[in-house]
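Please have the chain in view while reading.

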Amino acid sequence: MNKKQSKKKVLNKKKKTLSDETAFANLEKKPILVNTQKKSSSGIPKYIADRMARRIFFTAGIPTIMGMSVFILSYIIVTRNIAEIPPSATIAISALFFLLGLAGLSFGILSASWDKEPGSFFGIENIPMNIQRAKAAFKPATQNFEENG
């Protein structure tokens, strides 16, 4: 018994084969160049993002690394019988460092200056201004939500 051919195979057989001339005729034509201009983005400029990344590395990266190293240090102290450390103390100290890293992440983002010049070392004077910028960025979205609701 012959099996029925699927519709896909039947359609493939019906396709016409192109001659070499028609198949390669379009290759010799010059491609049409599309002028794609970069749109100005309302995102964070690169120099500001780099400044934020440096601040985040120090204010969030170091406490996070310390939070992970608490487990290693605690393991070494307990296995060498230097001291008895309860597991809850290890977790609490590690959580403290992770929370400090989370606060450092926020500080690193909010304390970065948006001027061309880097600003002060800590950047505390930039925090209120950056909070206002963040609120202004989310304000149109919340207004649209309240109007539709």
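## Aromatic pairs and a nonpolar patch

A search of the whole structure finds two aromatic pairs, where rings of Phe, Tyr and Trp (its six-membered ring) pair if their centres lie within 6.5 Å, and planes under 30 degrees apart count as stacked, over 60 as edge-to-face and the rest as tilted. The pairs are set out below.

| Pair | Centre to centre | Angle between planes | Class |
|---|---|---|---|
| Phe57 and Phe58 | 5.1 Å | 75 degrees | edge-to-face |
| Phe121 and Phe122 | 5.1 Å | 80 degrees | edge-to-face |

This is a predicted model, in which local features need pLDDT of at least 70 and side-chain atom pairs count only at pLDDT 80 or more, while totals for chains, interfaces and linings use all residues. Residues are numbered from 1 along each chain as its sequence is written, and side-chain values use heavy atoms, with hydrogens and water left out.

Phe57 is partly exposed, with a relative accessible area of 46%, whereas Phe58, at 53%, is exposed (buried is under 20%, exposed over 50% and partly exposed in between, with a 1.4 Å probe and protein chains only). Phe121 and Phe122 are both exposed.

Ile65, Met68, Phe71, Ile91 and Phe98 make a nonpolar surface patch of about 490 Å²; such patches take residues with over 30% relative accessible area and no salt bridge, nonpolar side chains being joined within 5 Å and like charges within 9 Å. Helix H3 (46-79) and helix H4 (87-110) each supply at least two of the patch residues, and H3 gives the largest share, three residues. Ile91, which lies in helix H4, is exposed because its relative accessible area is 52%.

Conventions:
Accessible areas come from the Shrake-Rupley method with a 1.4 Å probe; for residues, only the protein chains shown count as cover. A salt bridge is a side-chain nitrogen of Lys or Arg within 4 Å of a carboxyl oxygen of Asp or Glu. Helices (H or I, at least four residues) and strands (E, at least two) are DSSP runs, numbered from the N terminus.
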